[in-house]
Amino acid sequence: MKFFVDTANLQEIQEAHDLGVLDGVTTNPSLMAKEGIFGHDNVMAHYKQICEIVDGDISAEVIATDFDGMVREGELLAELHPNIVVKVPMTREGVKAIRHFSERGIKTNCTLVFSAGQAILAAKAGATYVSPFVGRLDDVSTDGLQLIEQIVHIYGNYGYQTQVLAASVRHVMHLVQCAELGADVVTCPLSVITGLLNHPLTDIGLQKFLADHAKGNK
Ligand code: G3P
């Protein structure tokens, strides 16, 4: 399972990269705004900086909601770097844009997916990745992980090449369960990835090893 970090914060991206287990980055307009990145030139420059840190797929989202606008923006984004994946929302116009990009060899990430039907459409349109939002479904009393299971199953039935990118992954158990269910990718904050490190028995065990070693050196 690939690990993507879900942030536009360069420091976090660098830290995730330095850990040695990072496969890519996802961003969205909210995450860019959180970092104070506004305006076309600043946004493009920021994506370039991310591409310089991480050698893996970097999702960059279009803002336009009409087909022509999405195509225009997506083509500009794709020209920035070969690792850019154009992130397109799951809408009628978005599906058309995904088909357009897929026919031209431009990678896409279909975002804001909340149902299996939407995921089938994304695969049919030729999306590289589909992003079901696990945490946001949980937020409205719907089992987000069940959707991951359903999509993995459906894609397996037909051998769809679209990769299941579990998004809105909020905690370690989300991540572990996505792995159990066979998601191809998870995207999450850095804290979820580093959270995987934690186990009190590891800390206690290490303390004991070091204490025992120190006894021999007295
Ligand atoms: O990748 C989508 C993600 O950014 C949404 O996460 O926690 O805002 O639902 P969250």
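**Close-up views of a predicted model**

View 1. T162 sits in the loop that links α8 (144-158) to β7 (163-166). Helices (H or I, at least four residues) and strands (E, at least two) are DSSP runs, numbered from the N terminus. This is a predicted model: local features need pLDDT of at least 70, side-chain atom pairs count only at pLDDT 80 or more, and totals for chains, interfaces and linings use all residues. Residues are numbered from 1 along each chain as its sequence is written, and side-chain values use heavy atoms, with hydrogens and water left out.

Is T162 buried or exposed? T162 has a relative accessible area of 6%, so it is buried. Buried means under 20% relative accessible area, exposed over 50%, and partly exposed in between (1.4 Å probe, protein chains only). A polar atom of the T162 side chain lies 2.7 Å from the backbone oxygen of A127. Such a polar contact is a pair of N or O atoms within 3.5 Å; within protein, one must be able to donate a hydrogen and the other to accept it, and residues adjacent in sequence count only if both atoms are side-chain atoms. Setting aside neighbours within four places in sequence, T162 has contacts (heavy atoms within 4.5 Å) with residues including A122, Y129, Y155 and D184.

View 2. Which residues are around the ligand? They are D6, N28, F133, R136, A167, S168, R170 and T187, each with a heavy atom within 4 Å of it. The side chain of D6 places an N or O atom 2.5 Å from a ligand oxygen. For S168, an N or O atom of the side chain is 2.7 Å from an oxygen atom of the ligand. N28 has a polar side-chain atom 3.0 Å from a ligand oxygen. On its own, the ligand has 310 Å² of accessible area, and the protein covers 80% of that. Accessible areas come from the Shrake-Rupley method with a 1.4 Å probe; for residues, only the protein chains shown count as cover.

**View 3. Residue G105 in its loop.** G105 lies in the loop between α5 (92-103) and β5 (108-113). Its relative accessible area is 64%, so G105 is exposed. V85 is 20 residues from G105 in sequence, and their C-alpha atoms are 11 Å apart in space.

**View 4. The chain behind the close-ups.** The chain has 11 helices and eight strands. Of its 218 residues, 46% are buried.
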